[in-house]
Amino acid sequence: MLLFMISVGIDLIEIERIKRSMERSSFLNKILGENEYFELKKRGFLPRSVAVNFCAKEAFLKALGKGLGEINLTEIELLRQKSGQPYLSLTGKALDLAKDQGLKFTVSATHTENYASVVVVAYTEN
């Protein structure tokens, strides 16, 4: 099987910025999909974890060449396998755009005490 990289998206955010945004009760519901919400709830909605998930959404949009507001952020979920490996789960317009282009995605996520960052690579399989 041959893999062809199509594009890369990267995002970096200050965790403190997300922590301040989390003070608004509507913030988490506005950015998190249902599965993502419950996964993060189990982990106590740690600001660093929420920041990583937000970064994944931004990095995904950049990999697609789309801007914030073109796709509902709740349609882009960063979930984790039992091993802890992150992966994207897409619904709605996000899924439609990925399918239309025949794209799959791989994700790398990290954080420090102050920053969170995610890289999303879009690729096709032939």
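## Buried charges and a pocket

Lysine 57 is buried, at a relative accessible area of 0%. Buried here stands for under 20% relative accessible area, exposed for over 50%, and partly exposed for whatever falls in between, with a 1.4 Å probe and protein chains only. Before going on, keep in mind that this is a predicted model, where local features need pLDDT of at least 70 and side-chain atom pairs count only at pLDDT 80 or more, while totals for chains, interfaces and linings use all residues. Residues are numbered from 1 along each chain as its sequence is written, and side-chain values rest on heavy atoms, with hydrogens and water left out.

So what does the side chain of lysine 57 pair up with? Its partner is glutamate 36, in a salt bridge of 2.8 Å, N to O; the rule asks for a side-chain nitrogen of Lys or Arg within 4 Å of a carboxyl oxygen of Asp or Glu. This pair links distant parts of the chain, with lysine 57 in helix α4 and glutamate 36 in helix α3 (residues 34-42), 21 residues apart.

Another of them joins the side chains of lysine 62 and aspartate 11, at 2.9 Å from N to O. Again distant parts of the chain are linked: lysine 62 sits in helix α4 and aspartate 11 in strand β1 (residues 3-14), 51 residues apart. Are the two ends buried or partly exposed? Aspartate 11 is buried, with a relative accessible area of 9%, whereas lysine 62 is partly exposed at 41%.

Next up is arginine 80, whose side chain meets that of glutamate 39 in a salt bridge of 3.3 Å, N to O. Arginine 80 belongs to strand β2 and glutamate 39 to helix α3, so the pair ties together parts that are 41 residues apart in sequence. Arginine 80 counts as buried too, at 18% relative accessibility.

Glutamate 58, in helix α4, is buried yet has no salt bridge; the nearest side chain of opposite charge is lysine 62, 4.7 Å away. For charge, Lys and Arg count as positive and Asp and Glu as negative, while His and the chain ends are not counted. Setting aside residues up to four places away in sequence, glutamate 58 touches Asp11 and Leu68, where contact means heavy atoms within 4.5 Å.

Glutamate 75 is also buried and without a salt bridge, and here the nearest side chain of opposite charge, lysine 93, is 7.5 Å away. You'll find glutamate 75 in the loop between α4 (47-64) and β2 (76-80). Beyond its neighbours within four places in sequence, glutamate 75 is in contact with Ser89, Leu90, Thr91, Gly92, Lys93 and Ala94.

Helices α1 (15-21) and α2 (27-31) each supply at least two residues of the lining. By type, the lining divides into seven nonpolar, two polar and three charged residues; Ala, Val, Leu, Ile, Met, Phe, Trp, Tyr, Cys and Pro count as nonpolar, Asp, Glu, Lys and Arg as charged, and the others, Gly among them, as polar.

Phenylalanine 45, in the loop between α3 and α4, has a positive phi of about 50° although it is not a glycine. Most residues other than glycine have a negative phi. Phenylalanine 45 counts as buried, at 17% relative accessibility.

Methods: Helix = DSSP H or I, 4+ residues; strand = E, 2+ residues; numbered from the N terminus.
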